[in-house]
Amino acid sequence: MLLDTPVCEFGKKAPDFTLSEPNGESYSFKEHMGENGLLIMFICNHCPYVQKIVKQLAQDSKVLISEGINVLAIMSNDYKDYPEDSPEKMVLFKKQNNFEFPYLLDKDQSVGKAYGAVCTPDFFGFNNKSELQYRGRIDELLSAMRMIAKTGKGPTEQVPSMGCSIKWAH
């Protein structure tokens, strides 16, 4: 089912979290904040919307990281019902797509819920004060994150991201 994300709640503080990659290495929001901000993205392996943009996602993330904006990807889907999103397949997906950022497993879906994530992909761009400044599509992501790095503020006009619904456990 195709869903759109809500509009950006400018200035909303990011909920802190600690999640692990399938290999067990853990990352927290606070510890991973970049000098110029942090991009949190909710993605998964099997979503056709993510698959369509995954190469651009990997390339844009490399650019952002080189400019002091860190990146974390989170997989919140219920992988028991969607085995294509299993931890083992996450490892493969990261490797196949040359992700230079952590790809974290939200096993209990608490982080997805805390952020109000709606679909995959769902992008949350934060300034270096942990304030939300972007909630839009990948098309404007690079320019929006650069604007946030430079001014601390995101663009006032943002086009909501769209994609597949997050698969919540029942």
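Q: Tyr 115 and Phe 126: buried or exposed?
A: Both Tyr 115 and Phe 126 are buried. Bear in mind that this is a predicted model.

Q: How many aromatic pairs are there in total?
A: The count is eleven. One of them joins Phe 93 and Phe 99, edge-to-face, with 5.8 Å centre to centre and 85° between the planes.

Q: And how buried are Phe 93 and Phe 99, in relative accessible area?
A: Phe 93 has 9%, so it counts as buried. Phe 99 has 7%, so it is buried as well.

Q: What is the geometry of the Tyr 115 and Phe 126 pair?
A: Edge-to-face, with 6.1 Å between centres and 85° between the planes. The pair links distant parts of the chain: Tyr 115 sits in helix α4 (residues 110-115) and Phe 126 in strand β8, eleven residues apart.

Q: Which residues do ring pairs link into a cluster?
A: Phe 17, Phe 29, Phe 42, Tyr 115, Phe 124 and Phe 126.

Q: Switching to the core. How many residues does the largest nonpolar core have?
A: It has 31 residues. Leu 39, Met 41, Ile 43, Phe 99, Tyr 103 and Phe 123 have the most contacts inside it.

Q: Which elements each supply at least two residues of this core?
A: β4, α2, β5, α3, β6 (103-105) and α5. The largest share, six residues, comes from α2.

Q: What about another core, apart from that one?
A: There is one of 20 residues. Phe 17, Leu 19, Ile 74 and Phe 126 are among them.

Q: Back to Ile 43. What is it in contact with, beyond its neighbours within four places in sequence?
A: Ile 43 contacts Val 50, Leu 57, Ala 73, Ile 74, Met 75, Ser 76, Phe 99, Tyr 103, Thr 120 and Pro 121.

Q: OK, α2. What is its span from first C-alpha to last?
A: Helix α2 (residues 48-66) has 19 residues and reaches 28 Å. That is close to the 27 Å expected at 1.5 Å a residue.

Q: Where does α2 bend?
A: At Val 54, by about 55°.

Q: Which α2 residues are buried?
A: Val 50, Ile 53, Val 54, Leu 57, Ala 58, Asp 60, Ser 61 and Leu 64.

Q: Why would residues three or four places apart point the same way?
A: An α-helix has 3.6 residues a turn, so such residues point the same way.

Q: What do the buried residues of α2 pack against?
A: They pack against β4 (38-42), β5, α3, β7 (119-120), β8 (122-126) and α5 (141-151).

Q: Which residue with positive phi follows α2?
A: Gly 68, with phi near 85°.

Q: How far is Gly 34 from Glu 67, in sequence and in space?
A: They are 33 residues apart in sequence and 9.2 Å apart in space, C-alpha to C-alpha.

Q: New topic, charges. How many salt bridges in the whole structure?
A: Six. One of them joins Asp 122 and Arg 135, at 2.8 Å, N to O.

Q: Why does that pair tie together parts 13 residues apart in sequence?
A: Because Asp 122 lies in strand β8 and Arg 135 in the loop between β9 (132-134) and α5.

Q: Asp 122 and Arg 135: buried or exposed?
A: Both are buried.

Q: And what is the N to O distance for Asp 16 and Lys 30?
A: Their salt bridge is at 3.5 Å. Asp 16 is in the loop between β1 (2-4) and β2 (18-20), and Lys 30 is in helix α1 (residues 29-32), 14 residues apart. Asp 16 has 41% relative accessibility, so it counts as partly exposed. Lys 30, at 62%, counts as exposed.

Q: Last one: which residue forms a salt bridge with Lys 12?
A: Glu 9, with the closest N and O atoms 3.8 Å apart. Lys 12 counts as partly exposed at 37% relative accessibility. Glu 9 is also partly exposed, at 47%.

Methods. Residues are numbered from 1 along each chain as its sequence is written. This is a predicted model: local features need pLDDT of at least 70, side-chain atom pairs count only at pLDDT 80 or more; totals for chains, interfaces and linings use all residues. Side-chain values use heavy atoms; hydrogens and water are left out. Helices (H or I, at least four residues) and strands (E, at least two) are DSSP runs, numbered from the N terminus. The expected span of a helix is 1.5 Å times one less than its number of residues. The bend at a residue is the angle between axes fitted to the seven residues ending there and the seven starting there. Buried means under 20% relative accessible area, exposed over 50%, partly exposed in between (1.4 Å probe, protein chains only). Contact means heavy atoms within 4.5 Å. A nonpolar core is a set of buried Ala, Val, Leu, Ile, Met, Phe, Trp, Tyr and Cys residues joined through side-chain atoms within 4.5 Å. A salt bridge is a side-chain nitrogen of Lys or Arg within 4 Å of a carboxyl oxygen of Asp or Glu. Rings of Phe, Tyr and Trp (its six-membered ring) pair if their centres lie within 6.5 Å; planes under 30 degrees apart count as stacked, over 60 as edge-to-face and the rest as tilted.
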